[in-house]
Amino acid sequence: MTPLRLVFMGTPDFAVPSLAALIEAGHQVVCAYSQPPRPAGRGQQVQKSPVHRFAEEHGIPVRTPKSLRNAEAQAEFADLKADAAVVAAYGLILPQPILDAPRLGCVNVHGSLLPRWRGAAPIQRSILAGDAETGITIMQMDIGLDTGAMLSKEAVAITPATTASSLHDELAALGARMIVPALDGLAAGTLAAVPQPEEGVTYAAKLTREDGRLDWTQPADYVERQVRALTPWPGCWFDAANGERIKVLAAEPVTGTGTPGTLLDDRLTVACADGAVRLTKVQRPGKAPVDGAAFLRGFALAVGQPVSTETVAD
């Protein structure tokens, strides 16, 4: 392996293992780009991103521009004279002058099997859709939205136990294992980029808080996937009749029938359009998470009543 002069561009926890792998492999990471520090947590204290903190801990200079579209930012990037830029969940669009500046271009660690789930939330969307597998694609970036040619890809299974958190960690580790050999092959000229198929394209739209509203008129399997896919962000919830917004942290599909949205038993089993879903861990505002039975012991709700004010998502 010939050490490369690299720029790393990433922001969240997902990107940190890839940066660590590049450092461990002996590449020279001359600069890291990350999203600017932002308020976070209950206290809304301004915090640096996980990539920002990790890079600084390893003596790597960090830049946090709000945009890369201006000539000054593009000139500063070009002045780094990088062999390649490695991009992992950075969060900014890279204009053509940025893509063209490194000798080997910009290489992306993307959390799906492209062309399925291009876009912002591939991990959550793959679980929500009931996909049997997803994976990592190492991609040579172009000006489109995750449309570049593929250098390598590797699949992982999505099981009934897969959650957004577990899949995030598995794919972050897989991306870290894949990026080093992909760069080696690109630099040596032994790894050719393959255009993405024109068929099978889907888009993983950015998540909003409203995506977490549980819709009992959906099949139980879908509602259960919704909880696995959208916890911890944006989180799943329903509005109870007393006005409280109840968080749903875990659920399981079970046998049961009834009017969608009605309570079926004393274990917080709720009827759906097809089957039922048991809410196994829920949380009232300001309270600790509890199982469904404990929730009902402290909540005035009888079997046969609707658990929420709405049964259909807005």
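**View 1. The interface between domain 1 and domain 2.** About 810 Å² is buried between domain 1 and domain 2, and carbon and sulfur atoms give 54% of this area; buried area is the accessible area, taken with a 1.4 Å probe, that two parts lose on being put together, summed over both. Gln-124, Ile-127 and Leu-128 supply 53% of the area that domain 1 buries against domain 2, more than any other three residues. The structure is a predicted model, in which local features need pLDDT of at least 70 and side-chain atom pairs count only at pLDDT 80 or more, while totals for chains, interfaces and linings use all residues. Residues are numbered from 1 along each chain as its sequence is written, and side-chain values use heavy atoms, with hydrogens and water left out. The domain assignment of the chain gives domain 1 as residues 5–204 and domain 2 as residues 209–306, these bounds coming from an automatic or database domain assignment. The C-alpha centres of the two domains lie 35 Å apart, and 13 residues of domain 1 are in contact with ten residues of domain 2, where contact means heavy atoms within 4.5 Å.

View 2. Helices (H or I, at least four residues) and strands (E, at least two) are DSSP runs, numbered from the N terminus.

**View 3. The open sheet of seven strands.** The strands of this open sheet follow the order S5-S2-S1-S6-S7-S9-S10, with mixed pairing; two strands pair if DSSP finds at least two bridges between them. Strand S5 (62–63) and strand S10 (150–157) stand at the edges with a single partner strand each, so one side of each is left without a neighbour in the sheet. Strand S9 (residues 133–140) and S10 run antiparallel and are joined by seven bridges, and the bridge partner of Ile-136 in S10 is Glu-154. Helix H1 (residues 16–24) lies across strands S1 (5–10), S2 (28–33), S6 (84–88) and S7 (106–110), running at about 165° to S1; axes are lines fitted to C-alpha atoms, for helices over the stretch in contact, and angles run from 0 to 180 degrees between N-to-C directions.

**View 4. The open sheet of four strands.** Here the order is S12-S13-S15-S14, and the pairing is antiparallel. S12 and strand S14 (269–271) stand at the edges, each with a single partner strand, so one side of each is left without a neighbour in the sheet. The twist averages 50° from one strand to the next. Helix H7 (residues 220–230) packs on the sheet and touches S12, S13 and S15, its direction making about 125° with that of S13.

**View 5. The hairpin and the strand pairs beside it.** S12 and S13 form a hairpin with five residues between them, and Gly-243 in the turn has a positive phi of about 95°. Val-248 in S13 is the bridge partner of Cys-236, and the bridge partner of Val-248 in S15 is Val-282.
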